[in-house]
Structures are given as structure tokens and as C-alpha cells.
Amino acid sequence: MSSIIQLLPDHVANQIAAGEVVQRPASVVKELLENAVDAKATDIKLIVKDAGKSLVQVIDNGLGMSITDSRLCFERHATSKIRQAEDLFSLHTKGFRGEALASIAAIAHVEMKTRQEQEELGTHIVIEGGKFVSQEPAVLPKGTSFAVKNLFFNIPARRNFLKSETVEQRHIVDEFQRVAMAHPNIHFTLYHNGSEMYNLPISNFRQRIVNLFAGKTNEKLVPVNEDTEILKLHGFIGKPEFSKRNRGEQFFFVNDRFIKSGYLHHAVMAAYEGLLKDGAQPSYFLYLEVPPHTIDINIHPTKTEIKFDDEHALYAIMRSAIKHSLGQFNVAPVLDFDRDPNLDTPYQYQHKTADFPTIQVDRSFNPFANENDKPAKSFSSSSGSSYPKHEAQPAWESLYVGLQHASHEIAEMSFENDAVSSSLFEETDIEQEVKRTYQIQKKYIVSPIKSGMVIINQKYAHERILYEEFLTSMTVHQASSQQMLFPLQLYYSSAEIELITELKSSLENTGFLFEAINEDNVVISGLPVNTAESEISIVLEELLSDLQDGIPDSSFSQNDTIAKSMARSLAVKTGTYLTEKEQENLVHNLFACREPNVSPFQKPTFITMSVGDIDKKFSL
Ligand code: ADP
Ligand code: MG
């Protein structure tokens, strides 16, 4: 048999290798920005079109390249940054692999212009899919400009694999922020589709953070400083009360390089112990300086993970330094941070009475419902003490029974206490005497039914109710909104603003009213009914966090995601006391749902226990 192994042609090999370095437009942004930093630029412009799908361009005023280098830089493993293996242990630059430009050139149309300060003329090179198209001398400003167009033009699968513009743009902004944050001594600008998104003048670290994160104002940050032999630590941490739901504002830089480290993150969290609400994430911007020979950056191709020689020591130093800062700046949780959830139960029943807005649940959805079975009242409507219990009660019970048993049983269903009542009491006595629902441990609602009892998880049940309400109002476009007396202004990063803009109409269908969406803030003038003003920032924050991996493409799943997220944020929490009326409403509305059995996150909303089950417990 003849031999079948062949060496791949260079351009194919490059294309394959490129996939490892360049996963998306943001990877190009990262590589080009880092090259500009390595070239000692003091002014770096990033220009992006269509979230990098059409253009990523980086213009710097750095060292530039000679004629020879400007051609060589596109060769694989061509680098000016290391010469021998040992150099890897004393790196002072971001790049060192000499792979980025070769990779990018293999899968895009690249135009490079570069001039060194001492040269009169620069070089203008065009290279497409790894092939040189032209190279000419040209009159150019000092520094280098890389324009990368039509990324993945020769790898359609990759191109199609790219996420929506919002998602890709957010990845780009992430990379931009990381580089800009590490280098406040460089002037950075970012333009997207012709408009300026960031303009960050040369400043100190603190000012750079404030400029990058709208709303991350000075008073929210606490400085951290520690100087030891193996670690110099400086930077800022957020006060606990400004912690967020997601990890979007957590940054470690080691020797000016953004890195991720679960271990160091743990050290920070350990320092915050006892100061954070469950699941809350503090902001941190921490710069670590360690001797270059004590780290190994080479373990990951995209270089965001590194290995430290003495992780345990770093952990201990970090934790105690941060603890110290939190203590020194007298950071204690503010009052409303840990406040009793009862104070803002989403039902707002404590203060509201008859005129509370009505929720429209479309009960006709229920396949088991017939005219008589329909509950007469919705959750929040109120008819005071004359609530028609007899009318509503068999309704939900039969609904729920119908889901589990044959429908002919429905007719026979009635409340256990009704059966008892007819023999022992007058009808009217029962109304006052017999309680129909009981709350247990501020967590479950228990109610007797003919076959035994039903135990409802209040949180999951309410999630189901809210989820269906939001879905209905979003798809039928008829949400009611409560006007706010004073519009609420909330600050967001530009990436978050983009998300909100994209979701605006869906959010409005849930009842939000946006008076304005500005560059770094939104002004909200109306809220979904049943939502307290104090909850709004949390609802939006959780929603943005749920959408971090992108807005689903279809509008159905987009609505679904929003409805789920909002239902989870607004549902009454475990540990919240519910009045009898609230308990009843919860039960009625649950069984008026289309799918009462499960929460939107597929958790059971209720279980039943038959008398038989109970008998067994008593060994009867
Ligand atoms: P690396 O950064 O790992 O060395 P790259 O492929 O990113 O590899 O770049 C190859 C070489 O091209 C660099 O080592 C550097 O000498 C040169 N180079 C790249 N970008 C610039 C720039 N903006 N200014 C000056 N030189 C650059
Ligand atoms: Mg590089």
C-alpha cells in the first residue's frame, strides 16, 4: 500500500491554528490592543463596525515596524518579544507566541500601515487569507494601524457560528475594558459604528475605573494596598452594599495582564465573609504585581489563566489585605441591605386595599376548566370580607384534582371542612370558624382537600403565576403599568444599556415604561403592576445577568427568558409571611394557571398527601 500521510500546505495549517487564537471578533480586538500596548503606544484607538464582523481596526502611536518586520510579523512564531525559552520566565510583554497576526491574516482581509519614528516613509501592506496582495511605501503617521475586515470570510462555519451583534459587541467591550483598565497611562478610545463609546484620558487607576464603569462612583470604592516581598497588591474593592448579582465587575490583573482565577476569587470572597447577601457578588479591581519568574503564563492559549508558584501565600495575603481594607474603611452593611424581606413583599398587601391593580390571568387557558369551575377572583382583586369562598374554592380544587385524576371526580370534589360543616354547624358559622389554608414555616401553604391535603411551595407557585402573567402580557401586548410619581434613574454599563435597548419593547410589554435610555443610564417612569420601586434595580440586574450569554434569537424564547427571570426575581420568597387572604389568592391563582404543576424552572409547585398516605404513617 502506498503512503497516505501528507504535510498540510501552510495556509491550511494556519487556518486551522487560527481557530485556536481567534474565536470571535473580540479575540482580534484583544490581540491588536495588546500588540499596541507592547509597542509602547500612549494613544490607542479601537474602531469597530457591526460588532467586529465588518471591521476591527486598532490605531496606535507606538514604535511601528521596519520594512522587513512589517512583512515578517505575519509569519507564524515570528515575535520580537522573546528569543529563547528562558525569556518566557521574565516576560514583560503581553504577546510572546508570535501567533496572533499570522492567525488573523489567515482568516481575514488585513490592511496594515506602519511607520517607525526615525523613518520618513512607512509601509502599507495588504494581506488576504494569508496571501500578500500588496506592499508599498507610504507617507504615514508614526505608529501602526491594523484594519481587519471580513473576519472568517474563508471559514463560513465560523462566521455563521457568531452570536448576535449585541453579544459579540459585549465580548469586544469586555476585552477593551480589560486592557484599558490595566493601562490607565494610555489614552484609549472606542468607536462603534461611527459613534464614540468610550474616551478614556490618561489618568490614575481609580479614575480609569470610574470612567469605565458608569455609576461606579468614587464613594463606592475602597482602596486596597499591600506590599510584601512576593506580592504587591493595589486596587479597589466595592463596598458590600453595592454588590451585584453577577460577576461582571470582578477583575484581577497580574503584572498588567487580565487573568481569571477561581482560587484568588475565593480569597476575596473569604474576606467579605458575613458581609454579603446570599449570591451577591462584590466588585473588585485588583492589581497584583509578582516577580515574573514566579508565574507561568503559558498554560492556556488565550492566556487568561496563569500558574503561581506559591498560591497559598498569595491567597493568605489577599484575604487579609482585603479584610483589612473593609475594616479600615468602616465598611459595614447598610441597613436596607439585609432588611427583612417582609418589608417589601411583592404583594404589597400590607398597605394596599381595594384599589390595587387587577392582574389579568387568562383562565380560559385551562383545559380542565368549565364555566362553573372558573375562579371568580384574581389574585389581587379584593372584595373584603365578603370574598365568595364557596364559589371560588371548589374551582381550584377541582382544577388541581382534574390534573391528576379522572375528570369525573371533579363533580364530587368538595372541601373536607364543608362536608363536616353541613352536619355540625350552620353555614354562616363555618365562614368564620374554619381556616382553609395554613402557612407552615413561612414556606408552604397547606390546605385540606377531600382526598387528604395539598402542600404548596409558596415560592415556586408564585413563580408559576407571575411567569404566566408576564408571558401573557408580553405576547398579547396588554400589560398594565403603574405610573411612578418620580421617575427612577438607574445607571448601567454601555454593554448593559445595549441589552436594555434591544429588549425595550419586550420589557415595555411587561409594564415597564422607559422615559429615556441614555448613554449610561435609563430613566424609568412606569413599573409592572405588583412590583415595588425598591425591587426594580434587582429585577433588571438579575435579568441582565440571566441574559449574559446572549439574548435568545427567537422572540418566543426571548419573552420566555424575560418572563422567567422576572418571575423568579419578583416571586414571594421563602421566609415571607403571607396573610390568609394572600395564601388563598396564591392557591386560586396557581390552579388557574395553564400548567400549575411545575414552576417555570421545572420544580414541583405542590404535592398531595392522601388520607391513605397519612394512615400509613400512623400504621393504620
Ligand atoms: P506576539 O505579540 O506574540 O509577538 P503577534 O503575532 O501579535 O505576536 O505580533 C508579531 C510581532 O509583530 C510582534 O512581536 C511585534 O514585533 C510586531 N507587532 C505587532 N503589532 C505591532 C504594533 N502595533 N506595533 C509594532 N509592532 C507590532
Ligand atoms: Mg501579539
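Okay, a definition to start: two strands count as paired if DSSP finds at least two bridges between them, and strands here are DSSP runs of E, at least two residues long, while helices are runs of H or I of at least four, each numbered from the N terminus. This is a predicted model, where local features need pLDDT of at least 70, side-chain atom pairs count only at pLDDT 80 or more, and totals for chains, interfaces and linings use all residues. Residues are numbered from 1 along each chain as its sequence is written, chains are lettered from A and ligands numbered from 1 in the order in which they are written, and side-chain values use heavy atoms, without hydrogens or water.

So, the strands. Strand 3 (residues 109-115) runs antiparallel to strand 4 (residues 122-128), with six bridges joining them. Lys113 has His124 of strand 4 as its bridge partner, and a hairpin of six residues links strand 3 to strand 4. Strand 3 also pairs with strand 6 (residues 143-149), again antiparallel, over seven bridges. There, His109 sits opposite Lys149 of strand 6.

Next stop, helix 15. Ser537 lies in helix 15 (residues 536-546). Is Ser537 buried, exposed or partly exposed? Its relative accessibility is 32%, so Ser537 is partly exposed (buried is under 20% relative accessible area, exposed over 50%, partly exposed in between, using a 1.4 Å probe and protein chains only). Setting aside neighbours within four places in sequence, Ser537 touches Leu490 and Tyr492, where contact means heavy atoms within 4.5 Å. And Leu488, 49 residues away along the chain, has its C-alpha atom 9.6 Å from that of Ser537.
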